[in-house]
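Here is a short briefing on one protein and its ligand shell. Please keep the structure open while you read.

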Amino acid sequence: MPVRTGEQYLAGLRDQPREIHHRGQKVEDVTTFPGLANGARSIAGLYDMQHDPKIRDEMTYTSPTTGDPVGLSFIAPRNLEDLQRRRTMMSHWAHTSYGMMGRTPDFLNVSIMAMAQAGDYFAQSRPEFKQNIINYYDYIRENDLTLTHTLVNLQRNRRPAASTQNYSTDVALAVVKETDAGIVVRGPRVLATLGPLSDEIAVYPVRNAQLEGTEDAWRYAFAFAIPCGTPGLRFLCRESFDLDRSSFDHPLGSRFEEMDAIIFMDDVFVPWERVFLYRDVDLANNLSPRTHQYNHSGHQVVTKNVAKCEFVLGVAAMMVEILGSESIGQVHALLAELIENLEVMKALLCTAEIDAFLDEWGVMCPATIPITVARNMFIRMYPRMVEIIQLLGSSSLMALPSEVDFNGPLGAEIEQYMDTDTATARERVQLFRLAWDLSGSAFGSRQVLYERYFQGDWMRNASILWSRFDPDPLKEQVRDFLRRT
Ligand SMILES: Cc1cc2nc3c(=O)[nH]c(=O)nc-3n(C[C@H](O)[C@H](O)[C@H](O)COP(=O)(O)OP(=O)(O)OC[C@H]3O[C@@H](n4cnc5c(N)ncnc54)[C@H](O)[C@@H]3O)c2cc1C
C-alpha cells in the first residue's frame, strides 16, 4: 500500500479498537474525543503532506519491495544524499508543528529502520529474530503505520544502593510465560507519547538504565512490537492540555496535543513473529548503541530542535517588535542567546551529516558525537529558551484577555488601551496568547519537561556522551606536549 492519507490514518485509528482511559472516562474513539481529536487531526495532516503535489517528491521514495511511493523517513540511508533527503522530509513534518510535536511518526520509523538493517544483531538472540525485525520494518513501511514506544520501567525507589538493579522487579514489565506461540508479558511501562494516537507500540530495552546480570534479569530483556489494540494492553492518559478552547486562546495546545500515557500490560500475548530479542541481557543492554538506533532517532530529534529554535526566536522577535523593546541592550542579549541556540543546533545537524559514517550494517549514520551533543545541549537550552520568552514578555503574558473578552463588556477598553505603537490590541493579545502557550500554560510546561526528560535524564545522558567520546587522541596531544624538552 502506498503512503496513507490523513483520512486513512484516522480510519486506521477508528478501525482498531483499543483501551484508552482519560480522566476516569473510557475513550471510545480518539478521533472524536475532546482533548485527543485535534492532535489526531494534526498527525493526519502530516500524512496528507505526502500527497501534496508541491512537496510529494520530497516526502516519499520508491519502496524497495513494491515500487510504490512510501514515506521517506523509512529509507535505509546508504549515502550522505539519502540522509539529507531524509532530513528535508523530517524538516517538513517538524515545521508543521514548529517542533511542538516531538513524536511525529518519523521518530520511530527511523528507529525501526535502524534495527531492521542490523538484523544480524537480533539473530544472535535467536536466528529467526533477524527475519522478524526485517518483516516488521517492511510491514510498517508498506502500511505507513504510526508507532509509539515505551522504554522505561516504573521504579519503587531510586536509591542506587537499595538494589543491585535500577528497576524494581515487581513493577517492571516482565515475561511471565512462554508458549509455543509466543511470550506473555505483564506490568506497566512509561511513557507512551502519542500512544493513544498510534497504530502500534514498540517495547524495547531502555537505553540509560542497564539490566543487571541477576539470575532473573532475562525476564526483563526483550524487544517486541504489537498493535495498540492488543487484548490486555491499556493506556492511561495524563489529563489533556488541549483544553477544548479556541485556537486564538490556546494556539498550540488546541492543535499539537500529542498525549503521554502510562501503559499497563495485563498478560499481553506477543506472538513469536513480533519478538525481536529475548532473554539475552547483554544484547538488550547494547541494542541502542550497536544498532545505531539512537543516531537515527537523534537525526529526527535535532531536525525538530532546529524547527523549535526557529519558532521560539520568531515569537521572541515579534514580541519585542510589538512591545517596542527592540533597542534595549538587555533585550539584545536575550535575543542573541536564541540566535546562538538556533545556529548551534543547525551546525551540529550539519556536522552530524557531513561526518556521517557507514556502519557495520551498511547504513549511513549521522555522526554519534555531534548528534549526542545536540541532544544533550537541548536539554539545557530549551528551558532557557522558554525562560527568555518569560523574561521578554513579563506582565504582557498575564495582562491577557481571552478571545471572548473582545466581544464582552470590556471589549472597548481592551481595544482602546491594549494596542501598542506597532500592533492593534487584538494582534498583541493574539501573539501573547501564543507566547503564553509556549512558555507558561500546561501545554508549554509539558514541552519543557519533554525536552528535559524524553530521552532520559541529563546526567545519564552526560555519562553516555562521555562513554562514546574517544579522548585518546587528545590525551596523546597532551602527552606530546609534556614530552617536549
Ligand atoms: C513528556 C515526556 C514524554 C516522554 N515520552 C516517553 C516515551 O514516549 N517513551 C518512553 O519510553 N519514555 C518516555 N518518557 C520517559 C523518559 O524516558 C523518562 O522520563 C526518563 O528516562 C527519565 O526517567 P524517569 O522519569 O523515571 O526519571 P528518574 O529516573 O526518576 O529521574 C529523576 C531525577 O532523579 C535523578 N536520578 C534518579 N535515579 C538516579 C540514579 N540512579 N542515578 C542518578 N540520578 C538519578 C535523575 O538525574 C533525574 O534528575 C517521557 C518523559 C516525559 C517527561
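This is a predicted model: local features need pLDDT of at least 70, side-chain atom pairs count only at pLDDT 80 or more; totals for chains, interfaces and linings use all residues.

- The contact takes 39 residues from domain 1 and 38 residues from domain 2.
- On the domain 1 side, α4, α5 (106-117) and α8 (281-291) each supply at least two residues.
- Helix α4 makes the largest share of that side, with nine residues.
- By class, the side of domain 1 that touches domain 2 has 19 nonpolar, 14 polar and six charged residues.

**The shell around the ligand**

- The shell counts 20 residues around the ligand, and L151, T193, Y450, Y453 and D457 come nearest.
- Two elements give two or more residues to the shell: β5 (147-150) and α14 (442-453).
- Which element gives the most to the shell? It is α14, with four residues.
- The shell residues divide into eleven nonpolar, five polar and four charged.

**The largest nonpolar core**

- This core has 126 residues, and L277 and I389 touch the most other members.
- Helix α9 gives the most to the core, with twelve residues.
- Leaving aside neighbours within four places in sequence, I389 is in contact with V312, V315, A316, A435, L438 and S439.

- Helix α10 covers residues 329-354, which is 26 residues. Its first and last C-alpha are 36 Å apart, close to the 38 Å expected at 1.5 Å a residue.
- The buried residues in α10 are L338, N341, L342, M345, L348, L349, A352 and E353.
- An α-helix has 3.6 residues a turn, so residues three or four places apart point the same way.
- The buried residues of α10 pack against α4 (80-96), α9 (293-323) and α11 (368-393).
- Helix α2 covers residues 37-49, which is 13 residues. It reaches 19 Å from first C-alpha to last, close to the 18 Å expected at 1.5 Å a residue.
- In α2, the buried residues are G39, A40, S42, I43, A44, L46 and Y47.
- What do the buried residues of α2 pack against? Their partners are α1 (6-15) and α4.

**Y278, a strand residue**

- Y278 sits in strand β12 (residues 275-278).
- Is Y278 buried or exposed? Y278 is buried, because 23 other C-beta atoms lie within 10 Å and the cut-off for buried is 20 or more.
- Not counting residues up to four places away in sequence, Y278 touches S125, R126, I183 and F222.
- Y278 and L434 are 156 residues apart in sequence. In space, the C-alpha atoms of Y278 and L434 are 47 Å apart.

**Backbone points to check**

- The peptide bond from V190 to L191 is cis, with omega near -5 degrees.
- L191 is in the loop between β7 (182-189) and β8 (200-203).
- L194 is also found in the loop between β7 and β8. Phi of L194 is near 70 degrees, a positive value in a residue other than glycine.
- L194 is buried, because 25 other C-beta atoms lie within 10 Å and the cut-off is 20 or more.
- R23 is not a glycine, yet R23 has a positive phi of about 45 degrees.
- R23 is in the loop between β1 (19-22) and β2 (25-27).
- Why does R23 count as exposed? R23 has 11 C-beta neighbours inside 10 Å, and a residue is exposed if that count is 12 or fewer.

How values were computed: Residues are numbered from 1 along each chain as its sequence is written. The expected span of a helix is 1.5 Å times one less than its number of residues. Two residues are in contact if their C-beta atoms, placed from the backbone, lie within 7 Å. A residue is near a molecule or strand if its C-beta atom, placed from the backbone, lies within 6 Å of it. Ala, Val, Leu, Ile, Met, Phe, Trp, Tyr, Cys and Pro count as nonpolar, Asp, Glu, Lys and Arg as charged, and the others, Gly among them, as polar. A nonpolar core is a set of buried Ala, Val, Leu, Ile, Met, Phe, Trp, Tyr and Cys residues joined through C-beta atoms within 7 Å.
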